[in-house]
Amino acid sequence: MKVITGQALKNIPNYESQQQPEHAPKEVLVSLQQVSKYYQLGDIKITALNNVSLKLYANDLVVVYGPSGSGKSTLMNMISLTDVADSGIVEILGSDVKQLNDSQQAEFRNKNIGFIFQNFNLIPMFSALENVMLPLLVAKVSKADARKQALEILAQVGLADKVNARPNQLSGGQQQRVAIARALVNKPKLVVADEPTANLDSRSSENIINLMRGLNREFNTSFIISTHDARVLNQIDHKIQLVDGNIVEGDK
């Protein structure tokens, strides 16, 4: 990985993942074109993203990294459709998301994008099984089918013996596995993981990243992971570095 730093943004190529085989057709899952996002803090206008352009492809596994305030979370929000750009074009799976109304965006997210959060975001009174079933039930899958699919994916992440456990009965690593199972149960093409190892010890962190890598290969699911965790950076080859809302890392 050649890292380019300290150059003007105009001298840095837009990021395009290189994980796809050289001559294979490339299905573009995410395309950001000159995307900018600003926040107002009192009288101060903060640039969270500055004309960012990138493409992510099917079957990809990419990590986004940078210091606090670099724009990582904002970039992930753009890709997960939980925030809107102030300028530029955001296309997910070929759809210009600005053309979707709120209900269409919610349906699109539930069907096509899985989410993994830093704090797991499991429902405390639900069992592991019930937490994983929830996206399917929202998608109006029958309870019997939702249960079957949730059991299958929990087994895939190594939690077949914990399906009835509630979050407070699980370790941090196990809770994150439940969150991964929930993210994958709808069979999305893309999973967005925001600081998924931040609350885990070193062994659990390594296990979670290895699990994601295995699921990426087995299910052809693309993962984009934001982190400031060096343990994650050491395990994933394809990286996007953000500094002050700009991409400053070159291609492999």
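Trainee: Why is Arg231 called partly exposed?

Mentor: Its relative accessibility is 27%. Buried means under 20% relative accessible area, exposed means over 50%, and partly exposed is in between, using a 1.4 Å probe and protein chains only. Arg231 at 27% therefore counts as partly exposed. Bear in mind that this is a predicted model, where local features need pLDDT of at least 70, side-chain atom pairs count only at pLDDT 80 or more, and totals for chains, interfaces and linings use all residues. Residues are numbered from 1 along each chain as its sequence is written, and side-chain values use heavy atoms, with hydrogens and water left out.

Trainee: What makes Arg231 and Asp229 a salt bridge?

Mentor: The term asks for a side-chain nitrogen of Lys or Arg within 4 Å of a carboxyl oxygen of Asp or Glu. For Arg231 and Asp229 the closest N and O atoms are 2.6 Å apart, and the pair forms a salt bridge.

Trainee: Is Asp229 buried or exposed?

Mentor: Asp229 has 11% relative accessibility, so it counts as buried.

Trainee: How many salt bridges does the structure hold?

Mentor: Four. One of them joins Glu27 to Lys189, with the closest N and O atoms 2.8 Å apart. Glu27 lies in the loop between strand E1 (15–16) and strand E2 (28–41), and Lys189 in the loop between helix H5 (172–184) and strand E8 (190–194), so the pair ties together parts that are 162 residues apart in sequence. Helices (H or I, at least four residues) and strands (E, at least two) are DSSP runs, numbered from the N terminus.

Trainee: Why is Glu27 called partly exposed?

Mentor: Glu27 has a relative accessibility of 36%, so it counts as partly exposed. Lys189 gets that label at 41%.

Trainee: How do you know that Lys37 forms a salt bridge with Asp83?

Mentor: Their closest N and O atoms are 3.3 Å apart, and they form a salt bridge. The pair links distant parts of the chain, with Lys37 in strand E2 and Asp83 in the loop between helix H1 (72–79) and strand E5 (87–92), 46 residues apart. Lys37, Asp83 and Asp86 are linked in a network of salt bridges.

Trainee: Is Lys37 buried or exposed?

Mentor: With a relative accessible area of 7%, Lys37 is therefore buried. Asp83, at 21%, counts as partly exposed.

Trainee: What is Asn112 in contact with?

Mentor: Contact means heavy atoms within 4.5 Å. Leaving aside neighbours within four places in sequence, Asn112 touches Leu93, Pro188, Lys189 and Leu190 in this way. Asn112 lies in helix H2 (residues 102–112), and its relative accessible area is 16%, so it is buried.
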